[in-house]
Amino acid sequence: MIHPAPVDGLRTPQRFLAIAAISAGTALVVIDGAIATVALPTIARDLNVAPSSAVAVVTVYQLVLVMTLLPFSGLGDRIGLKRLYQWGQLVFAVATLLCFFAKSLPFLLIVRAVQALGAAAALSVSSALLRSIYPARQLGRGLGINSVVVSSSAAFAPTLGGLILGIAPWPWVFASAVPFAIVSLLLGRALPAPAPREEPFDVLGAVMCAGMFGLVIGGLETAVHGDSPVVSAAIVAAGVLVGILFIRRERGEVAPILPVDLLSKPVLALSTLGAFTAFVASMTLLLSLPFRLQHGFGFAPSEIGAAIAPWPLTTMIVAPLAGWLSDRYPAGLLGGIGMALAIAGLTALAFLPADPDYWAIAWRMALTGAGFGLFLSPNARLIIGSTPRERAAAAGGLISTTRMVGQTTGATLVAALLAMGLGTGGDPALIAAALALVAGLCSLARLRPSLRNPRRDEAADAQPGTQVR
């Protein structure tokens, strides 16, 4: 059944079926990326490998996602967004079944890489499909709902993984996401099918894009965990060189895989930079806080989870509200207010009392989570809504890649701080506050009329509060 891309969203009940399909696919990607962490000690024991080696089960998945999101978004434009989305779900489901046959770490890493390929194929085009599913006046609301799915899945994944490990072998941890893939495939018949473009796919550009991210991020990871700074620096330098050549090449392309045409617009460049610094800030705090609570304040593991929970729980409430507001008010204003709240929360977390109780941490986490929730949904709505429809897949790939690179950078930053002995105090929270300040300034800068008013030929769904010229 073919559903062409609508001019202004799908009609009900088809819209609701398509929303459910996208939500299930998003939950699958987030759960599979987060749930593996819980199983790492068990995997290391069963496969007879060192715990440090088992961490590769997570890092390989994240690295393949970062390397392939933008190439897949370009491929989706050529073969069809709906087709790529559903093929991604199918590849993921099949790869997950292979986890049950993993008797060695190398085989499991190959399976995880294939899982990441399927997840990247679906994730790379999900934002573009959302733009076709919702009417323009409700796009922010739709992205807010998607943010709720992301935050609730991330909060639910560790608990689900622990429950599964209590009653079943570790391969069932990965299999827990398969029902979401099946639901998404079954309901995916309702997804819109925008007409693909006829241009050939840029294979060399895709390889250079993957190589750039793979070398730079891989080099940074080895710098933190490896023994040879010279080798790590050489890997990063090779990635930077590939990146320079790649960007120069992309400037001459009509529809580049790395959307340099979109990033040349100040409002989109500021939105992307703001999103990157916000994701680095949030990951820096969330990864470092458990070490501080356990080593600095003597919290038990169960108490740490409860102390962190107010962040995602608050985000689940604020994100849809922020999405609804972003359909009515400029993203620059909402993002600026959100980052002001986040800075206040992060600063308060940096200067916790000497013996904090649960509530002293909970209100600070809730305030910080509310700030990030108020920033991220309107920011994503601005990027998608200010992009020409024919480049929606590239904008969606840019959003997903920015999130993954930001989170990976935050994780690397925390590892470096821990290695320097600075990760168990208030320093990570202060660094996160400084990064949130950068995101807030980027957001407020978009309030300038010269930046936030797109021309009529540049955007079909311009952000609220603008005058389309």
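**Entry 1: the whole protein**

The areas come from the Shrake-Rupley method with a 1.4 Å probe, and for residues only the protein chains shown count as cover.

Before going on, I noted that this is a predicted model, where local features need pLDDT of at least 70, side-chain atom pairs count only at pLDDT 80 or more, and totals for chains, interfaces and linings use all residues. Residues are numbered from 1 along each chain as its sequence is written, and side-chain values use heavy atoms, with hydrogens and water left out.

I looked up the secondary structure and got 19 helices and zero strands. Both are DSSP runs numbered from the N terminus (helices: H or I, at least four residues; strands: E, at least two). Of the 469 residues, 57% count as buried. Buried means under 20% relative accessible area, exposed over 50%, and partly exposed in between, with a 1.4 Å probe and protein chains only.

I also checked the contacts (heavy atoms within 4.5 Å). Among those between residues at least 6 apart in sequence, 82% join residues at least 24 apart.

**Entry 2: confidence**

I read the pLDDT next, which is the predictor's confidence in each residue, from 0 to 100. The mean for the protein is 79, and 89% of its residues reach 70 or more. Over residues 1–6 the pLDDT is below 50, and this stretch has 18 contacts in the model beyond near neighbours in sequence. I marked residues 456–460 as well, where pLDDT stays under 50 and the model has 12 contacts beyond four places in sequence.

I picked Thr 26, which is found in helix α1 (residues 14–46). Thr 26 counts as buried because its relative accessibility is 4%. Leaving out residues up to four places away in sequence, Thr 26 touches Tyr 85, Asn 146, Val 149 and Val 150.

Then I turned to Ala 278 in helix α12 (residues 266–297). Its relative accessible area is 0%, so Ala 278 is buried. Which residues does Ala 278 touch, not counting those up to four places away in sequence? They are Phe 372, Phe 375, Leu 376 and Ala 439. I also looked at Val 438, which is 160 residues from Ala 278 along the chain; their C-alpha atoms are separated by 8.3 Å.

**Entry 3: a nonpolar patch**

On the surface I found a nonpolar patch formed by Trp 87, Leu 90, Val 91, Val 94, Ile 110 and Val 114, with about 520 Å² of accessible area together. The elements giving two or more residues to it are α4 (81–98) and α5 (105–133). Helix α4 gives the largest share, four residues. For the record, patches are made of residues with over 30% relative accessible area and no salt bridge; like charges are joined within 9 Å, and nonpolar side chains (Val, Leu, Ile, Met, Phe, Trp, Tyr) within 5 Å.

I took a second look at Val 94, whose place is in helix α4. With a relative accessible area of 45%, Val 94 is partly exposed.

**Entry 4: salt bridges**

How many salt bridges does a search of the whole structure find? I got two, taking a side-chain nitrogen of Lys or Arg within 4 Å of a carboxyl oxygen of Asp or Glu.

- Asp 46 forms one with Arg 45, the closest N and O atoms being 3.2 Å apart. Asp 46 is partly exposed at 42%, while Arg 45 is exposed at 59%.
- Arg 249 and Glu 250 meet through their side chains at 3.9 Å, N to O. Arg 249 is partly exposed at 28%, whereas Glu 250 counts as buried at 0%.

**Entry 5: aromatic pairs**

My search of the whole structure gave four aromatic pairs. Rings of Phe, Tyr and Trp (its six-membered ring) pair if their centres lie within 6.5 Å; planes under 30 degrees apart count as stacked, over 60 as edge-to-face and the rest as tilted.

Why is the pair of Phe 100 and Trp 172 edge-to-face? The ring centres are 5.0 Å apart and the planes stand at 80°, so the pair gets that name. This pair links distant parts of the chain, with Phe 100 in the loop between α4 and α5 and Trp 172 in helix α7 (residues 171–175), 72 residues apart. Phe 100 is partly exposed at 29%, and Trp 172 is partly exposed at 46%.

I then noted Trp 170 and Phe 174, an edge-to-face pair with 6.1 Å centre to centre and 90° between the planes. Both Trp 170 and Phe 174 are buried.
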